[in-house]
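Please read the points below beside the sequence and the coordinates.

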Amino acid sequence: MIRRQRLAAGVCALLAALTAGLAFPAGAVADETEQSAPKVELVLDVSGSMRTRDIDGGTRMAAAKQAFNEVLDATPEEVELGIRTLGADYPGNDRKTGCKDTAQLYPVGPLDRTEAKTAVATLAPTGWTPIGPALLKAAGDLDGGEGARRIVLISDGEDTCQPLDPCEVAREIAAKGIGLTIDTLGLVPDAKTRDQLSCIADATGGTYTSVRHKEELSDRVGQLVDRAADPVVTPVATEGAGECAAAPALKSGLYTDREEFGQQRWYKVEVNPGQELRASVSVADDRAVHPDYGVLLRAVTLHGREIVRGEAAGNGRTDVISTGLRYPRPASDEDGATAETVCLQVTNSFSAAAGVKTTPGLPLELTVDVVDGPSKASDVAAFGLGRGWWLLGALVLAGFVGGLLWGWLSRWRVAVWRTN
């Protein structure tokens, strides 16, 4: 019994190590490219409700100011930071005027901490909550450059300037393919505020956080600003076609697009003899959809013959569904062999819930990688392990021998113990 248990444990551990090595191969490291300075704009709600005293005995405004001062002290030197307010200047009751009340308190650029803190100190809770207009302006403030761009929105209530739905504004920003992320933080939020801020964040691939204490606010805003300084790969906006003949030609890289419900999008990739095409796609449901959906990624020839496919299904319990495929093109002995055009087709089976807008389409992210193929076409067979089966066999044999030795030693130790 002891020997069998030791052997099973050894084999399981070796299999786990092998699986980890296969899942994260050493060669699968993205190339780091030099990018412009990352930009962050903090967008603060300064509406009248920020006077409420329910955060550690103080007002929401006081908690926000303290968080801003701490974040300004800790902002990395390479990050260009700006501050925009909403509801800070107009105290009246005119809706039209109140819904235009957004201003840039500190311009996005190299940070002067003293000047920025002085500007924050002048803020006082005043008026409306025009989140939608503020997001549009903030996106303009961050326009230009190839580095990471992030909006951090801090609010304690719903937008008061409908019908300009801030969630739709966020989707429009994402549909532009400018690589801008919106993170949201709700100060002591109710259910409606939480739903709206979550929707804004989901539309751009950002995060939502509910905050009820000063330290939580400071820590979270600091984390998001620091995250902007991390090296990132900025997706390239593209637009797939309705058929392969008109599809855009893609090279290795990361791409974003929008796909309507139940729509097909086509892209083209050139694959030379001896190369391998690796492609994956993710489609996000950034709005309410019916459960039971799927995504299909197919690689086909120009004549419509399917080469390989990848597909995945969901049941409403996740916000993103992904699949991928691999196509190794055998090397050719013929001189002057030409590249083969491979058509990639992306199809989704999402369906919108009643009353949900279908435009813009669902966010789609496509990864394309064309690399040197394996030395033999058979290397990618055998359930994707290729030559890894030899390593697997060696590790299983080593585990078996190790288990036998460990079991024998264990029995010998027990025998000695009984004798003594």
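1. The model is predicted, so local features need pLDDT of at least 70 and side-chain atom pairs count only at pLDDT 80 or more, while totals for chains, interfaces and linings use all residues. Residues are numbered from 1 along each chain as its sequence is written, and side-chain values use heavy atoms, with hydrogens and water left out.

2. A search of the whole structure finds three disulfides, a disulfide being a pair of cysteine sulfur atoms within 2.5 Å. With the bonded cysteines numbered in sequence order, the pairing reads 1-2, 3-4, 5-6.

3. In the pair of Cys99 and Cys161 the sulfur atoms lie 2.0 Å apart, and the link is left-handed, with -100 degrees about the S-S bond. Cys99 sits in the loop between α3 (95-98) and β5 (102-109) and Cys161 in the loop between β6 and α6, so the pair ties together parts that are 62 residues apart in sequence. Helices (H or I, at least four residues) and strands (E, at least two) are DSSP runs, numbered from the N terminus. Cys99 and Cys161 are buried, where buried means under 20% relative accessible area, exposed over 50% and partly exposed in between (1.4 Å probe, protein chains only).

4. For Cys167 and Cys199 the sulfur atoms are 1.6 Å apart, and the torsion about the S-S bond is about -45 degrees, so this disulfide is left-handed. Because Cys167 belongs to helix α6 and Cys199 to helix α7, the pair ties together parts that are 32 residues apart in sequence. Cys167 is buried, with a relative accessible area of 4%, and Cys199 is buried, with a value of 18%.

5. The sulfur atoms of Cys244 and Cys343 are 1.8 Å apart, and a torsion of about -65 degrees about the S-S bond makes the disulfide left-handed. Cys244 lies in the loop between β9 (236-237) and β10 (249-250) and Cys343 in strand β17 (residues 340-348), 99 residues apart; both cysteines are buried.

6. The second largest pocket has a volume of about 1100 Å³. On a 1 Å grid over the protein atoms alone, a pocket is an open set of points where a 1.4 Å probe fits, with protein on both sides within 12 Å along at least five of seven lines, and lining residues have an atom within 4 Å of a point. Of the 48 residues that line this pocket, the closest to its centre are Ala174, Ala203, Thr204, Gly205 and Pro363. Elements giving two or more residues to the lining include α6 (166-175), α7 (191-203) and β18 (362-372).

How values were computed. Points joined across faces, edges and corners; volume = space filled by probe spheres on them.
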